[in-house]
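Subject: Structure for you, with notes

Hello,

Here is the structure I promised. My notes follow below it.

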Amino acid sequence: MHNPEDRSFIGHPRGLGYLAFTEAWERFSYYGMQALLVLYMVNRLLHPGHIEHVAGFGPFRHLLEYIYRGPLSVQALASAIFGLYTGLVYLTPIGGGLIADRVLGRTRTITIGALLMAAGHFLMAFDVSFLLALLCLLTGVGCFKGNLASQVGALYATGDNRRADAFQIYYLFINGGVIASPLIAGTLGEVYGWHYGFGAAGVGMLIGLTIYLSGRRWLPPDSPIVERSKRAAKIPLTHREKMGIIALLVLLPVLTLAVIGNQQIFNAYLVWAEKAANLVFFGKKMPTTWLITLDSILSVSCLAGAVVFWRLWAKKFPEPAEITKLGIGSIIAVTGFICLAMGAAIAATSGGKVSIGWLVTFHLLNSIGFANVFPVSLALYARVAPPALSATIIGIYYLAFFGANNLVGWIGGLLEKMSVTQFWLLHAALCGTAGVIFLVAGYFFGYLLAPGDSEGDVQ
């Protein structure tokens with residue numbers, strides 16, 4: 001049974017192990033498919049002999065070309081589809097959270113989401129079902145993503161300091177899935193055939209669902225709104241809960257600013273690095289995409305380091321509040337973008353290419369910073385959210401990433417309109433602004449987000 005005092009999984013409840021492994025396989029499936037998606041569209045699906053077989057693609061293409069105000073080439077069309085898909089991924093968890101909180105409960109919603117995602121991966125094997133596959137994946141991620149994360153927070157009692165560590169462990173497993181997926185699903189898709197890669201992603205999702213269901217007895221009870229009586233479900237939120245929700249909503253735009261720079265790694269950063277950076281390693285040019293592998297490995301290392309650091313820190317000093325950690329992490333990440341700006345300025349002066357050392361330093365500093373942003377922000381939203389709205393609040397949390405990904409596309413277009421040094425200093429300024437706001441908000445309004453006592457709390 002679920003026991004908040006359980007420490008059988010590296011000092012944490014056993015349920016964390018089941019949730020972490022489930023999420024690792026879900027991320028394996030998601031990023032395995034995403035690593036192949038654009039390559040698959042550019043090299044196969046959007047060419048004659050295939051594109052005309054995709055059900056509903058004509059009207060869909062007309063809609064995209066209307067939005068982008070003109071005809072789209074194969075590459076531009078693939079990019080537009082990819083952008084639309086990855087943006088909507090951060091919107092659908094809101095609907096999934098509402099379904100879990102108000103209708104089905106988390107367990108059934110997560111199960112349906114996993115089955116939809118697996119079906120989406122398998123449907124990618126056929127040209128005709130491409131758009132249906134994307135729809136299944138979007139709906140599945142929406143049902144799955146926020147609801148699973150909300151269960152991590154529910155494993156811990158209010159005020160349990162292990163909660164923030166739990167989300168860092170959770171992110172460790174996420175990054176493990178991200179590192180493995182291009183190596184397995186990506187290699188299968190590119191070397192042996194696209195559908196083998198998509199199939200591997202589907203199998204990975206089914207493995208994740210199996211792990212989740214097998215560990216159900218160790219997980220928190222289902223959404224309170226489902227298990228309470230109708231009378232209990234109508235208990236109003238306390239004043240403290242309402243103020244906490246308002247504070248979380250106000251912080252969303254700040255979180256959006258904080259993560260723009262990190263999300264740019266998957267966009268303009270790769271375009272710039274391919275042309276401007278010296279990627280020759282042991283006499284051979286390194287594939288640009290290996291920078292993403294480097295980033296993932298450093299992210300895992302820094303997440304583990306952050307867990308150890310804060311545990312050692314807490315033995316001698318008071319541990320900072322979550323919002324303070326967000327400010328500290330954002331400020332550290334600023335130094336990474338300053339490194340990129342310095343490397344670009346030196347290269348511009350010498351007429352050469354940017355040394356790989358500047359890029360490695362950027363990834364290291366950025367990973368240290370965001371080890372104190374991504375898991376900590378998720379832990380904060382999960383803890384402050386009232387129990388009856390936990391999955392919905394986690395869904396709203398992902399709006400920050402929806403906004404950031406859309407802004408990344410727009411800001412990335414400035415790469416050709418301003419000097420590279422100014423471009424990276426702009427990202428440093430955005431991240432630094434967010435960091436300062438987090439620190440100031442923590443000083444003046446941190447009490448609204450502090451762990452509450454039992455007074456007035458709905459149990």
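Salt bridges come first: the structure holds seven of them. Keep in mind that this is a predicted model.

Start with glutamate 26 and arginine 27. Their side chains meet in a salt bridge, at 2.6 Å from N to O. Both glutamate 26 and arginine 27 are buried.

Next, arginine 44 and aspartate 127. They form a salt bridge, with the closest N and O atoms 4.0 Å apart. Arginine 44 sits in helix 1 (residues 14-45), while aspartate 127 is in the loop between helix 5 (106-123) and helix 6 (130-153), so this pair ties together parts 83 residues apart in sequence. Arginine 44 has a relative accessible area of 26%, so it counts as partly exposed. Aspartate 127 has a relative accessible area of 13%, so it counts as buried. The cut-off for buried is under 20%.

Then arginine 61 and glutamate 65. This salt bridge spans 3.2 Å, N to O, between the side chains. The two residues are four apart in helix 2 (residues 57-67), so about one helical turn separates them. Arginine 61 is partly exposed, at 25% relative accessible area. Glutamate 65 is buried, at 17%.

Now the helix packing. The axes of helix 7 (residues 162-192) and helix 16 (residues 374-384) come within 8 Å and cross at roughly 130°. That angle makes helix 7 oblique to helix 16. The crossing of helix 7 past helix 16 is right-handed.

Which residues make the contact between helix 7 and helix 16? From helix 7 come Arg163, Ala164, Phe167, Gln168, Tyr170 and Tyr171. They meet Phe374, Pro375, Val376, Leu378, Ala379, Ala382 and Arg383 of helix 16. By type, the residues of this contact divide into 10 nonpolar, one polar and two charged.

You will find histidine 363 in helix 15 (residues 356-370). Is histidine 363 buried or exposed? Its relative accessibility is 0%, so histidine 363 counts as buried. Setting aside neighbours within four places in sequence, histidine 363 is in contact with Ile265, Tyr269, Leu291, Leu294, Asp295 and Leu298.

Best wishes

Terms used. Residues numbered from 1 in each chain as written. Predicted model: local features only at pLDDT ≥ 70, side-chain atom pairs only at ≥ 80, totals over all residues. Heavy atoms only, no water. Axes fitted to C-alpha atoms, helices over the stretch in contact; angles between N-to-C directions. Parallel < 35°, antiparallel > 145°, perpendicular 65-115°, else oblique. Left-handed = near helix turned anticlockwise from the far one by under 90°. Contact = heavy atoms within 4.5 Å. Nonpolar A, V, L, I, M, F, W, Y, C, P; charged D, E, K, R; others polar. Buried < 20%, exposed > 50% of the residue type's maximum accessible area, 1.4 Å probe, protein only.
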